[in-house]
Amino acid sequence: MTKRVFITGAAGFIGFHLARSLALRGDQVLGYDNFNSYYDPELKRDRASNLKGIKIVKGDLCDYPFLDETLLKFKPTHIVNLAAQAGVRYSLENPREYLQSNVDGFFNILEFCREFPDVKLLYASSSSVYGNNTKTPFEESDSINDQASFYGTTKKMNEMMADMYHKLYGISAIGLRFFTVYGEWGRPDMAYFSFTKKIINNEPIEVYGEGELWRDFTYIDDIISGTTAALDLGAGNEIFNLGNNHPHSVNELIDILEQSIGKKAIRINKPLPVGDVHKTYADITKSSRLLGYDPQTSLEMGIPKFISWYRKQMS
Ligand SMILES: NC(=O)c1ccc[n+]([C@@H]2O[C@H](COP(=O)([O-])OP(=O)(O)OC[C@H]3O[C@@H](n4cnc5c(N)ncnc54)[C@H](O)[C@@H]3O)[C@@H](O)[C@H]2O)c1
């Protein structure tokens with residue numbers, strides 16, 4: 001049966017790729033996004049205009065009457081909630097944005113699912129929920145009781161809220177803990193993107209913690225495969241890691257960027273900001289077993305793809 005998938009955050013990085021990929025395989029897709037200016041909304045409009053034939057309704061998750069009306073008209077079989085205030089560092093400056101979009105906004109999605117419990121919900125969580133956990137790789141069953149940022153806290157709240165709505169009202173909800181997603185049409189606030197811009201323009205880059213921060217960089221196509229498999233699983237109440245299971249240090253990321261751009265970076269060391277964790281590293285045993293998740297793209301393969309997109313689109 002054709003799925004009718006409502007994707008929030010469809011003008012965002014992951015939402016754009018998911019919308020395009022689901023429409024290609026024949027699902028009916030409707031996007032929803034407030035096109036906010038956390039980063040240049042021009043990029044969001046460019047993504048939207050590249051989604052030929054897929055409509056994105058301009059609306060806010062926090063506007064429940066409008067959200068509800070849009071959902072009632074569309075009659076989704078599935079909702080993928082990707083709209084959120086993302087970014088660990090900005091959550092230090094502006095926690096209210098996170099409370100509004102990530103908690104209040106997500107609550108509105110849950111309320112719709114309470115009304116229509118047959119609709120299957122998939123929602124973005126984050127590797128940030130593992131906070132200061134030092135046991136690696138991170139397994140879904142590990143403790144998430146020691147948060148490092150307010151961003152991570154709001155994602156942990158999402159998981160708790162979804163779990164409670166499942167128990168109380170029988171809604172179906174799958175949470176995906178994404179690990180540092182990168183690739184074409186990516187987010188300009190993320191290090192790989194802003195470093196690229198600066199290296200190309202001969203500007204210095206700020207490297208935190210001597211570059212010895214480790215991230216499980218995961219290429220967008222692998223994230224879309226895992227997310228699609230989770231959508232098709234339709235299980236009741238699950239959490240999955242979607243990472244690469246192969247962390248790299250920021251120093252290694254910069255080496256790969258330099259190689260791919262063909263230019264040396266000017267590195268300026270800075271102390272580690274509050275909220276940044278030392279290492280993220282996904283155990284993907286559960287995702288492999290239940291979703292057939294099998295990431296294919298190493299950082300050495302994915303970064304050159306991003307760079308060639310960047311040169312075409314952004315310069
Ligand atoms: N990219 C990553 O590395 C990563 C890692 C972990 C988790 N995530 C999560 O995945 C999801 C998608 O991330 P992304 O990288 O595509 O981010 P993004 O910022 O590119 O996309 C989010 C989109 O949601 C929209 N949005 C934000 N608040 C909204 C609101 N209140 N109402 C309607 N629309 C709103 C924004 O305009 C944006 O287009 C987010 O929930 C994010 O927290 C991303």
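The following legends describe close-up views of a predicted model.

View 1. Along the principal axes, the C-alpha atoms occupy a box of roughly 55 × 40 × 35 Å. Of the 315 residues, 44% count as buried. Among contacts between residues at least 6 apart in sequence, 80% join residues at least 24 apart.

**View 2. The ligand is surrounded by 28 residues.** The closest are Gly9, Gly12, Phe13, Ala84 and Ala124. Helix 1 (13–24), helix 5 (95–115) and strand 5 (120–126) each give two or more residues to this shell. Helix 1 provides the largest share, three residues.

View 3. The twelve residues of helix 1 should span 16 Å at 1.5 Å a residue, and the end C-alpha atoms are 17 Å apart, which agrees. The buried residues of this helix are Phe13, Ile14, Gly15, Phe16, His17, Leu18, Ala19 and Leu22. Glycine 26, which follows helix 1, has a positive phi near 110 degrees.

**View 4. Histidine 17 is part of helix 1.** This residue counts as buried because 23 other C-beta atoms lie within 10 Å. Apart from residues up to four places away in sequence, histidine 17 touches Trp185, Ile220 and Ile224. Histidine 17 and isoleucine 224 are 207 residues apart along the chain, yet their C-alpha atoms are separated by 7.1 Å.

**View 5. The largest nonpolar core has 81 residues.** Helix 1 gives the largest share of this core, six residues. Ile7 and Leu121 have the most contacts inside the core. When neighbours within four places in sequence are left aside, the contacts of leucine 121 are Ile79, Asn81, Ile109, Cys113, Ile171, Ser172 and Ala173. In soluble globular proteins, nonpolar side chains tend to be buried together.

**View 6. Helix 5 and the elements against which its buried residues pack.** Helix 5 has 21 residues and reaches 30 Å from its first C-alpha to its last, close to the 30 Å expected at 1.5 Å a residue. Buried positions in helix 5 are Tyr98, Ser101, Asn102, Gly105, Phe106, Asn108, Ile109, Leu110, Phe112 and Cys113. These residues pack against helix 3 (64–74), strand 4, helix 4 (90–93), strand 5 and helix 6 (150–169).

View 7. Most residues other than glycine have a negative phi, and most peptide bonds are trans. The peptide bond from threonine 136 to proline 137 is cis, with omega near -10 degrees. Proline 137 lies in the loop between strand 5 and helix 6. Lysine 75, although not a glycine, has a positive phi of about 55 degrees; this residue is in the loop between helix 3 and strand 4. Lysine 75 is exposed, with 12 other C-beta atoms within 10 Å. Asparagine 202 likewise is not a glycine and has a positive phi, of about 60 degrees. The loop between helix 7 (191–200) and strand 8 (204–208) holds asparagine 202, which is exposed, with 10 other C-beta atoms within 10 Å.

Note on methods:
Residues numbered from 1 in each chain as written. Predicted model: local features only at pLDDT ≥ 70, side-chain atom pairs only at ≥ 80, totals over all residues. Buried ≥ 20, exposed ≤ 12 C-beta atoms within 10 Å, placed from the backbone. Contact = placed C-beta atoms within 7 Å. Near = placed C-beta within 6 Å. Helix = DSSP H or I, 4+ residues; strand = E, 2+ residues; numbered from the N terminus. Expected span 1.5 Å × (residues − 1). Core = buried A, V, L, I, M, F, W, Y, C linked by C-beta atoms within 7 Å.
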